[in-house]
Amino acid sequence: MGLASHPPRSVETDSGAAAAQRADLLVDLFDHTSDLIQLIGIDGRIELVNPAWCQTLGYSEAEAIRLNVFNLIAPDCREHCQHLFAELLSQASRRRIECAFLARSGQRIELEGQLDVALEGGTPAVSYTHLTLPTKRIV
């Protein structure tokens, strides 16, 4: 039976073992997806990236968490991305994004995906972005 065939479960009804198993699956997905995943603080500081992000952009995780995401966005995309980020924080609703990042090597990497926000007590706490290379799009 595949993962998709399981009905959604409430956290309250889960045993500790089942919750731990799902947490392990999420970590595995985060670590092994070819898509780029990043968590960004409301100040633009990178808080967490996955291995695909590091491999694609050429930074280690330790280097990434010292960076501000807006310094990695290509200059011609920066203003648009800052506007989307401000909208996300004020309206707390998912945004589709197309942008280009500059890899450590200086290579321009075109990306697209979803920008979303996690709320803590009704206030934006962190944004998370799921990005893919447009050439990996499933048609």
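The model is predicted: local features require pLDDT of at least 70, side-chain atom pairs count only at pLDDT 80 or more, and totals for chains, interfaces and linings use all residues. Residues are numbered from 1 along each chain as its sequence is written, and side-chain values use heavy atoms, with hydrogens and water left out. The chain holds five helices and five strands, where helices (H or I, at least four residues) and strands (E, at least two) are DSSP runs numbered from the N terminus.

**Overall fold**

- Along the sequence, the elements follow the pattern α-β-β-α-α-α-α-β-β-β.
- The chain has 139 residues, of which 35% count as buried; buried means under 20% relative accessible area, exposed over 50%, and partly exposed in between, with a 1.4 Å probe and protein chains only.
- The accessible surface of the chain is about 8600 Å², and carbon and sulfur atoms account for 56% of this surface; such areas come from the Shrake-Rupley method with a 1.4 Å probe, and for residues only the protein chains shown count as cover.
- Of the contacts (heavy atoms within 4.5 Å) between residues at least 6 apart in sequence, 38% join residues at least 24 apart.

**Sheet and helix packing**

- The five strands form an open sheet in the order β2-β1-β5-β4-β3, with antiparallel pairing; two strands pair if DSSP finds at least two bridges between them.
- Strands β2 and β3 (95–102) stand at the edges with a single partner strand each, so one side of each has no neighbour in the sheet.
- From one strand to the next, the twist averages 30 degrees; axes are lines fitted to C-alpha atoms, for helices over the stretch in contact, and angles run from 0 to 180 degrees between N-to-C directions.
- Helix α5 (residues 75–91) packs on the sheet and touches β1, β3, β4 and β5, its direction making about 145 degrees with that of β3.

**Strand pairs**

- Strands β1 (residues 36–41) and β2 (residues 46–49) run antiparallel and are joined by three bridges, with Ile 40 opposite Ile 46 in β2.
- The hairpin of β1 and β2 has four residues between the strands, and Gly 44 takes a positive phi near 95 degrees there.
- Strands β4 (residues 108–120) and β5 (residues 123–132) run antiparallel and are joined by nine bridges; Gln 114 has His 130 in β5 as its bridge partner.

**Cysteines**

- A disulfide is a pair of cysteine sulfur atoms within 2.5 Å, and by this rule the count is zero.
- For Cys 99, the closest cysteine sulfur is in Cys 81 at 4.4 Å, too far for a bond.
- Cys 99 is buried, with a relative accessible area of 2%, and Cys 54 is buried at 13%.
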